[in-house]
Amino acid sequence: MKDRRDKTRTPIQAAGGIVLRGDRQPQFAVVQLRKLGAWVLPKGKLAAGEDAIAAARREVLEETGHRVTVHEFLGTLAYDASRRPKVVQFWRMQALGEPIGGLMRDVKAVQWLALEDAVDRLTHPREQAFLEQVGPIALKSAERSARRARQRPEEGNLVRRAPSRTATMEESKPLAPVARDNPVDHAPQIEQDVGEGAGLVPAADVLAPDVTAPADVTAPAGPVHTEQARKIESAFGHNLIEKTLVWFRQITTHRPPLD
């Protein structure tokens with residue numbers, strides 16, 4: 001007699017889901033049982049050897065027809081059923097795509113409603129109070145999950161595109177053209193231009209700003225031979241050296257005596 005009483009008081013383990021569908025305006029799933037026509041949250045008893053999360057996923061699929069992703073644990077609802085305590089654990093779930101199967105025989109219909117409407121549709125006050133409490137939490141969590149999901153592909157695209165952009169910039173970087181009407185500060189560039197018969201750069205563009213080319217040295221207008229270009233460059237250099245030596249002798253000769 002004692003064993004029978006202990007068995008009747010063993011809690012019934014069950015699991016279910018607070019199931020949402022959609023990102024912009026999420027809706028909650030409520031199902032109508034064929035027996036008595038009660039509207040309830042999708043849930044059911046654990047099978048032998050089945051863990052609570054697996055049971056919750058299975059029951060939701062059977063009662064709504066939707067595959068789901070299971071997220072955070074939301075809470076436990078405990079009450080008496082058939083003179084035995086029943087403990088139901090709930091997880092937040094997100095419905096995936098369209099239904100993949102029909103409803104189980106015990107379920108007559110499923111509806112997707114906004115939170116307030118879903119609370120009003122439920123038949124049992126205990127489930128109304130439970131959904132009213134955990135529903136806002138589920139909505140906030142679902143919004144965060146949707147925001148992360150929208151950001152993830154964009155970040156991945158940026159990471160994937162970065163190497164290709166860098167490679168393209170390095171491969172297609174053009175060489176700067178030589179401007180004929182701008183100062184040139186590299187002698188090898190002048191030699192290259194002359195050697196290719198492209199014409200001399202004006203002498204004033206090669207010398208320092210405070211040094212002018214001698215009057216008898218002018219840049220020819222047309223192409224010249226390489227030997228002639230070297231002579232002109234030598235004259236420019238000699239003139240610059242001479243002016244530098246004159247300046248150096250002047251400042252050393254007329255330097256005031258030290259105290």
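Predicted model: local features only at pLDDT ≥ 70, side-chain atom pairs only at ≥ 80, totals over all residues.
**Surface.** I then looked up burial: of the 259 residues, 31% count as buried.

**Layout.** Next I went through the secondary structure and found six helices and seven strands. Reading from the N terminus, I noted the order α-β-β-β-β-α-β-β-β-α-α-α-α. I also checked contacts between residues with a separation of 6 or more, and 65% of them join residues 24 or more positions apart.

**Cores.** Which residues have the most contacts inside the largest nonpolar core? I found I18, F28, L41, F90, F130 and L131, in a core of 23 residues. At least two residues each come from β1, β2 (27-33), β5, β6 (84-96), α3 (115-121) and α4. The largest share is from α4, with five residues.

Last, I turned to the largest pocket, which has a volume of about 790 Å³. I looked up its lining of 25 residues and saw that L33, K35, K43, Y79 and K86 lie nearest the centre. Two or more lining residues come from each of β1 (12-21), β4 (43-45), α2 (52-64), β5 (67-81) and α4 (125-171). How does the lining divide by residue type, and how many of its residues are charged? I have 11 nonpolar, three polar and 11 charged in my notes.

Notes. Residues numbered from 1 in each chain as written. Heavy atoms only, no water. 1 Å grid on protein atoms, 1.4 Å probe; cavity = no way out; pocket = protein on both sides within 12 Å on 5 of 7 lines; lining within 4 Å. Points joined across faces, edges and corners; volume = space filled by probe spheres on them. Helix = DSSP H or I, 4+ residues; strand = E, 2+ residues; numbered from the N terminus. Nonpolar A, V, L, I, M, F, W, Y, C, P; charged D, E, K, R; others polar. Buried < 20%, exposed > 50% of the residue type's maximum accessible area, 1.4 Å probe, protein only. Contact = heavy atoms within 4.5 Å. Core = buried A, V, L, I, M, F, W, Y, C linked by side-chain atoms within 4.5 Å.
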